[in-house]
Amino acid sequence: MAVDHSPSGATITALRLEAGGRVLQLPIGDAVTTAVPAVLTPLPLAVAPVEGMTVIDDFPVVQVDLSYLLTGVPGTGRTVVVVRQGNSRVAFRTDRSSLAMGTVVPATELAGFVRSFTPTDGGSSEQTVSTYVLPLHIILLKAQGRVFGVPAVSVECINRVTPLTNLRSTTDEPRSLVLLNDEALPSRPIPTRLGGEMVPISGEEWGVVVTLPNERFVWMATSVLGLRTVACEKIRSVAIPDESPLLWYEDEQGDFVELIDPAGVLGGFCSIVPTTRVPKFMAGLRSDLQLRCGPFRCLLPLAMTGRVLETVMSGLAKQKVASGDMPVVNAARLFGFSGECNPCRGVVVTLEDDRRIVLAVDEINADTVSQTTEAWHLPAVPTPVSRYFDGVLREGNSDTLIYRLRGFSIDLLPGCDEALMGWLPAQRINSF
């Protein structure tokens, strides 16, 4: 909203907001636009006066009932005023808005409330819509005496294997037939290019199932070290004539960790300037699992996704008995919904501290999010929301928004007693 001038030459300095019989004036420089309230999507963990999230002028914004904020009584206004909050925006539903002249007196209620929001990251004064960014989640494995990483999106599953027999090969590579998850698959050595000691295969090996367009096989590893997230700026590539570049990064101990890329998902990292933008063939965000939790739609990143359970409604214990037992958490209740929900399905979720829980949801949908999806980093939101989510998407021309989960700590869960449904025994989880 540009600075305006009155016919008498006095400068317009304020935006006048009226709500619930109260009048507020904001600096005119904080005003962005006015609009008619659009369709709202419920916002997880939000309470009054927050009404939900919407998209105005192609930007996601949280909508707030200004009358409720000032008086505790829900307002009836039909005008939304969007104002700047740091590098983001917040929309206030008001009874009336207009331009005014004079000295602006800060409204303590409004200033305090807005400060309770977590502003968006970034240094520009305006948000920008960007192509969806895929966090670089890698699975760290040890094999042939070295640690290496493989993009989580390239791995179908990991489990212990039992070698069945050696296979004759037309190449010099030693291969065997292994049993993994009751399925016999051919194994092959991990194509690491950094030197290391050769470790003989034993009956306690781990198998990494890799699926390519025309084949499916198992890599053998001596141990699984866990899931890590690597900042894109740490990745380096070494150009080797007549060969594909060698990709690696330096870990916290200063060691080289080679990145093995069977499906070619890290092609963007071979350029001079590394990038984490999704390659064209992955632009459908196929690595994220869609969940419905009460009124909320969420995306669960592949790096957080474990075993998908058909049902979590039977066999729950009141407390943990064995070390492998997992807490079953009602996702809708965890996100603050108190209405009717039907958490009949479950998915094992890995949290940022490598602890695991079973997230109980109403529905799990593996359908691809289309390539026309608009995606944004999370805008300014109440702080509890930013603990669980890092982005928001709008599917095509739909008015419904989808929130993308982020890794969160188990420390956030003890206060959510109403969300804890019970404990699922380890043997029951492994039976799926």
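**Burial, sheets and confidence in a predicted chain**

User: What share of the 432 residues of the protein chain count as buried?

Analyst: Buried means under 20% relative accessible area, exposed over 50%, and partly exposed in between (1.4 Å probe, protein chains only). Of the 432 residues in the protein chain, the buried share is 43%.

User: Which element of the protein chain has the highest mean pLDDT?

Analyst: This is a predicted model, numbered from 1 along each chain as its sequence is written. Local features need pLDDT of at least 70, side-chain atom pairs count only at pLDDT 80 or more, totals for chains, interfaces and linings use all residues, and side-chain values use heavy atoms, without hydrogens or water. pLDDT is the predictor's confidence in each residue, from 0 to 100. Helix H5 (residues 426–430) has the lowest mean, 75, and the highest, 94, belongs to S4.

User: What is the mean pLDDT of the protein chain?

Analyst: In the protein chain, 77% of residues reach 70 or more. The mean pLDDT is 77.

User: How many contacts does the stretch of residues 268–286 have beyond near neighbours in sequence?

Analyst: Contact means heavy atoms within 4.5 Å. Over residues 268–286 the pLDDT is below 50. Beyond near neighbours in sequence, the number of contacts in the model is 43.

User: How many strands are in the protein chain?

Analyst: Helices (H or I, at least four residues) and strands (E, at least two) are DSSP runs, numbered from the N terminus. The protein chain has five helices. Its strands number 33.

User: Which residue in S8 is the bridge partner of Arg16?

Analyst: Strand S1 (residues 14–19) and S8 pair in the antiparallel sense over five bridges. In S8, the partner of Arg16 is Ser98.

User: What pairing does the open sheet of six strands have?

Analyst: Its order is S28-S22-S23-S32-S31-S29. S23 (residues 296–300) and S32 (residues 401–405) pair in the parallel sense over two bridges. In S32, Arg404 is the bridge partner of Leu299. For the whole sheet, the pairing is mixed.

User: How many residues does the largest nonpolar core have?

Analyst: A nonpolar core is a set of buried Ala, Val, Leu, Ile, Met, Phe, Trp, Tyr and Cys residues joined through side-chain atoms within 4.5 Å. Phe92, Phe335, Leu359 and Leu405 have the most contacts inside the largest one. Not counting residues up to four places away in sequence, Leu359 touches Leu405 and Val329, among others. The residue count of this core is 59.

User: Is Thr41 buried or exposed?

Analyst: Thr41 is found in the loop between strand S3 (31–35) and strand S4 (50–56). Leaving aside neighbours within four places in sequence, its contacts include Gly52, Met53 and Tyr403. The side chain of Thr41 also reaches the backbone oxygen of Asp399 at 3.5 Å. With a relative accessible area of 5%, Thr41 is buried.

User: What is the relative accessible area of Met313?

Analyst: Met313 is placed in the loop between strand S24 (305–309) and strand S25 (326–330). Leaving aside neighbours within four places in sequence, Met313 is in contact with Pro343, Cys344 and Met421. Met313 is partly exposed, with a relative accessible area of 48%.

Key. Pairing = 2+ DSSP bridges. Polar contact = N/O pair within 3.5 Å; in protein donor to acceptor, adjacent residues only side chain to side chain.
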